[in-house]
Amino acid sequence: MMSVYLDYQAAKPVDLRVVSEMTVYLNQKFANPSSLHCEGDEATDALSTSRQKIADFINAPNSDSIIFTSGATESNNLALIGAAMGNKKRGNHVIISEIEHISILNIAKYLERQGFKVSRVPVDQYGIVRLDKLARLINDKTILISISTASNEVGSLQPIEEISEIAAKENILFHTDAVASESVIPLDVQKIPIDLVTLSSNDIYGPRGVGALYLKKGVRVNPIIIGGGQERGIRSGSENVPGIVGFAKAAEIMKTEIKEEAEKLKSLRDKLIKGTLEKIPKSYLNGHPERRLPHNAHFRFDYIEGESLILSLKDENIAAATGSACTSRTLEPSHTLIAMGLLHEEAHGSLVVTLGRYTQEHDIDKLIDILPNIVKRLRLLSPLTPPDLIKKYNEVNE
Amino acid sequence: MKSTQYTEKVLDHFRNPRNMGEIENADGFGRVGNPVCGDLMFMYIKVAKNDNEEEFIKDIKFKTFGCGSAVATSSMITEMAKGLTLEEAYKITRQDVADELEGLPPIKMHCSNLAADALKAAIDNYRTGAEPEVEVATSCQLEISVILGFDEFLGKGAYKEIPEDLEEFRDKRILIVDSGDNSLELSLKLTEYTGRVIVLTSSKEVPGREEIAKKLKKSDVKILHQSELLEIKGEIDEVEKVIIHDYDEDENYELFVDVVIYLDYRG
């Protein structure tokens, strides 16, 4: 049976065009760019061409501003810890939001243990950062603001243009984690002045284990990985050339296809939202109806629990995700949903659907077709379902 | 083991739960868990006497809100307990249920393995002869004067009166304390301005006159039953969150909101 994959936010397949570009660097052009021989020169060339392609992807004015890393988590570590340590003399206050990716949240806790002060900007009911609150949190010790381009969970787009203006006016560094949006919304760091940007290869259909940090000229960061001085001494370790070549190819493809692809995904996603909300009583869309990632749909179904929902979808060969605590390592529900003002039991009943390059219309049709029955089955099982709804479900049966 | 890596037997009970439902006029009723934590189980038993004049479980049914293992353990225990004497059934442990299911992921052994407790609660309920209903303490909402932070945030997100222009509530997260039909009518009206209206009530049922209760049920107003408002918190001069006491579960929790309305007619 064909399976339906709707969890693109968690992982994406590598585009076959990327795979074919990479293979030659795995077993033929395998040399270390630091080596002085011809083979080494070849690797150096591949590295600089790739760096230029990543720079082009976000319209960075020069390719030197791209630092390759092992992925988004490392880029976030380098951005926050590196910039905080590198600018300690100027102050000790860092601002993030309540709905950042778990890596940023935990890095912020680490910074607090190192003596930094961290403020977390609250969000509104749609999961969008409150600019008025942000402005009020800034003080003369603030050195860094880190707010992602979009929530990786509920897909709400953050006002990064306004944030970059506030940061620039106050002479504060602004970092954004662009991973959640990089496959659907073009980013132009000359149009929106951002100091540090986290990018991930897999999130644009490149290989895992590669990422980058854009570092605007003049921004000071301390290295967090010490070694042979690669990447201008900012990130040591022999470069992952095949991975980087793949990442660059993925960026090149993404740059030309992003608009068309995002439009296609948006229309499929809109169909899914409309169909689901129409067919399932007491179902809601979490996050903002318009200001959201075009490939993200985040639902809430009252009276049922998310893990049960995911398990039931699994039985139908559909892969999706949930913000329920019962699937997390900590048994805590999604911090994003709680910060938006949802109750714990509401956060438990969430379903996260993310579409991607290979999503077909029949995948969406299948989900719309199956979901109402799964929700109904779990609601008939649940002691929380109110009697009128059970009655309504049973009437339809007769 | 991942939380969703279940044995085939767990999955079978999840997909085809046995003895799902309620028993009308049950002899014993047990309720364990808490929807806030993600699990809630109701267990119903019917008791009869066997040939040896021993009391045994003649029928047993359950309803469960929760993850895969919560559903499977409830279903499993109903199969294990049916036909057993009360004494035997009372001895079934969480471990017995997990063993019968050929194991549970370690992370689920405690949080989602409440079926044995639910059955014990049902038997206790039968033996003590109490009403086969959960005992619920009811009380009225606290008066405004004793809600911490209400006066501090008055006019800064906390309201005692209906403002003339409801437009200022557009897209806000609003919590309304149930203080009668006026407050409930206001909550319905506010759904035209925002998608997030929560009514806090001490009642177990949907509050209000029949006609209003009916409208509330149909609306997108979220009702928090058996709860009272303890405290309003915020940063600088704006309401940010509230502390709510759930006296059914006897615990306090935080909820992010922008506006708190408590219409006060006592002057």
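The centres of domain 1 and domain 2 of chain B, taken over C-alpha atoms, lie 37 Å apart in this predicted model. The domain assignment places domain 1 of chain B at residues 8-128 and domain 2 of chain B at residues 144-261. The points below cover chain A as a whole, one helix from each chain, and the contact between the chains.

**Chain A overall**
- Chain A has twelve helices and twelve strands.
- Along the principal axes, the C-alpha atoms of chain A fill a box of roughly 80 × 50 × 35 Å.
- Of the 398 residues in chain A, 53% are buried.
- Counting contacts in chain A between residues at least 6 apart in sequence, 70% join residues at least 24 apart.

**Helix H3 of chain A**
- Helix H3 of chain A runs over residues 72-86, 15 residues in total.
- From first C-alpha to last, H3(A) reaches 20 Å, close to the 21 Å expected at 1.5 Å a residue.
- H3(A) is largely enclosed by the rest of the structure, because twelve of its 15 residues are buried.
- The buried residues of H3(A) include A:Glu74, A:Asn76 and A:Asn77, as well as A:Leu78, A:Leu80 and A:Gly82.

**Contact between chains A and B**
- Chain A gives 28 residues to the contact, and chain B gives 29 residues.
- On the side of chain A that touches chain B, the elements giving two or more residues are helix H8 (306-315) and helix H10 (344-348) of chain A.
- H8(A) gives the most to this side of chain A, with five residues.
- By residue class, the side of chain A that touches chain B has 14 nonpolar, eight polar and six charged residues.

**Helix H7 of chain B**
- Helix H7 of chain B covers residues 181-190, and its buried residues are B:Ser183, B:Leu184, B:Leu186, B:Ser187 and B:Leu190.
- Viewed down the axis of H7(B), the buried residues fall within an arc of 155 degrees, so they line one face of the helix.
- An α-helix has 3.6 residues a turn, so residues three or four places apart point the same way.
- The cover over the buried residues of H7(B) includes strands S5 (173-177), S6 (196-200) and S11 (259-261) of chain B, together with helix H8 (210-218) of chain B.

Notes: Residues are numbered from 1 along each chain as its sequence is written. Chains are lettered from A and ligands numbered from 1 in the order in which they are written. This is a predicted model: local features need pLDDT of at least 70, side-chain atom pairs count only at pLDDT 80 or more; totals for chains, interfaces and linings use all residues. Helices (H or I, at least four residues) and strands (E, at least two) are DSSP runs, numbered from the N terminus. The expected span of a helix is 1.5 Å times one less than its number of residues. A residue is buried if 20 or more other C-beta atoms lie within 10 Å of its own, exposed if 12 or fewer, and partly exposed in between; C-beta atoms are placed from the backbone. Domain bounds come from an automatic or database domain assignment. Two residues are in contact if their C-beta atoms, placed from the backbone, lie within 7 Å. Ala, Val, Leu, Ile, Met, Phe, Trp, Tyr, Cys and Pro count as nonpolar, Asp, Glu, Lys and Arg as charged, and the others, Gly among them, as polar. The arc is that of the directions from the helix axis to the C-beta atoms.
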